Structures are given as structure tokens and as C-alpha cells.
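The points below are grouped by topic.

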Amino acid sequence: MWTWIIGFQREIYLAFADHIRAFAEGGSLAAFLAFLPMGIAFGSVHAMTPGHSKALLATYLAGSSAGMWRALLTSMALSFTHVFVSVAIVLFSLPLVNMMFGGSGPGSSPLLENLSRGLLGVIGVWMIWRAFSRRSHTHHDREGIVVGVMAGLIPCPLTLFIMNFAVLHQVVFVGVLFAVSMMVGIALTLAVVAVAAVLFRSRIARLLEARPRLLDYTSKSLETLAGLVLISVAAIELSRWI
């Protein structure tokens, strides 16, 4: 399965590079647009590979009280930010950004990576405080969106490569089209993760409905565990940088 995913990514990536080159050399835009839906498949499969904050997304949603709609908003915010940051880095002076962020290689952006993990650590502390707070609290849609944005700050290396390739061939527009199609694919995969996390939490809640005290304890335990995971990830990633 893993071999198939890597092979599929490579084939689609090379195919898009060929289509971008062909369009830059006077090819038909219609031919590129006809192939564009493959970007959705590419993004969906790419999101199955390690990274993309899938575990963090599932952990946050399992520990929060987010409903299905808010869970999907969180996954969409994560997907949009993950791809948008890559496009922005290329469009807004890549050499200057690389110099400022001190990347060690293609797709590397330590400043954004550490900022993302650090902010997720803050969210982890907030979740633990909220779990042990005796006061009632409400969960707003914007909280999930904020978490999604924070988790998605790490640029997508493959989007960076395609955007750079498009810029080098002076066809930025088709590079952006690819990034959008890829973002849709990533969003679909992350939406599946979000739905699964909410269904898991809802299933646990239904099993414990007859025991309200145990349900409350379990809910707080899940939220505390989610907070600890976020803090641990932040601490590990930041310690590597330091």
C-alpha cells in the first residue's frame, strides 16, 4: 500500500510537471484543465502520507466537544492553510522568505514549523485548563478554525515544488490552479479523519449516557489527554530546533 502511494504521487507529480511545461511552450489550456481533476486525487493520496497533522486533528477533535460541522471546518482550515502558505512563500519572494526562515532544504521552513508547534502547545495547555475548570464553558466555531490554521502553518513541500516549477516556466496561473485542486484533495482526506474522530467520540458518549458522572470523567480525560499530546508534540519539535 505504501509503495503504491509513493508511486502514485510520483506519477501524478511528473505528469503535472509535463503538463505545465507543455502549456508554457504553447500548449492548450483546455488540455491542462482536463487533467486538473487528477490534482484532487493527488492531494487526497498525498494527505495519507505521514504529516499533514492528521493525528493532531484527530486528537483535538476526540478531546473536544466539536460537532460534525465544526470538525469539518477545522479540517478545511487546516487544508487551506497548509497549501496557502506554500503558495504564498513562492509568490511573495521565495529567496527573501528562505533567507528569513533559514530552511535547510526544499520545503523546509523552521520558523513556520516551530511557530505551528508552539501555538499547538498553547492550545494543549488551554484544553487541559478547560478540562479541569469547574465553570461551564462553551465551544465556538472559531476555536476549531484557529486550531486548523495553527496546525496547517507548515508548508506543503510538493506544492512548493510545483509552484516553483510553474514560476520558472512563467505560468504562475496554472501552478495556482494545481495548488487549489490539490487543496481540495487534502481537504477530502482530512475531512474523513475529522468525521471518524467525531463518530468515535460520539460512540463513546452514547455508551456512557446512562452514567453521567462517568461520561463527564471520560470527557475531561479525553480533553486532558488531547492537551497533553499537543503539548508533547510542541515540546519535542521545539527541543529539536533548540
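F80 is partly exposed, because its relative accessible area is 44%, where buried means under 20%, exposed over 50% and partly exposed in between, with a 1.4 Å probe and protein chains only. This is a predicted model in which local features need pLDDT of at least 70 and side-chain atom pairs count only at pLDDT 80 or more, while totals for chains, interfaces and linings use all residues. Residues are numbered from 1 along each chain as its sequence is written, and side-chain values use heavy atoms, with hydrogens and water left out.

**The pair in helix α5**
- F84 is also partly exposed, at 45% relative accessibility.
- F80 and F84 are about one helical turn apart, because they are separated by 4 residues in helix α5 (residues 68-91); helices are DSSP runs of H or I with at least four residues, numbered from the N terminus.
- The ring centres of F80 and F84 are 5.4 Å apart and their planes are at 10°, so this pair is stacked; rings of Phe, Tyr and Trp (its six-membered ring) pair if their centres lie within 6.5 Å, and planes under 30 degrees apart count as stacked, over 60 as edge-to-face and the rest as tilted.

**Other ring pairs**
- The structure holds 5 aromatic pairs, and in one of them the rings of F16 and F32 are edge-to-face, because their centres are 6.0 Å apart and their planes at 70°.
- That pair links distant parts of the chain, with F16 in helix α1 (residues 2-24) and F32 in helix α2 (residues 29-35).
- F16 is buried, with a relative accessible area of 0%, and F32 is buried at 1%.
- Ring pairs join F16, F32, F35, F42 and F178 into a cluster.

Technical notes
Helices (H or I, at least four residues) and strands (E, at least two) are DSSP runs, numbered from the N terminus.
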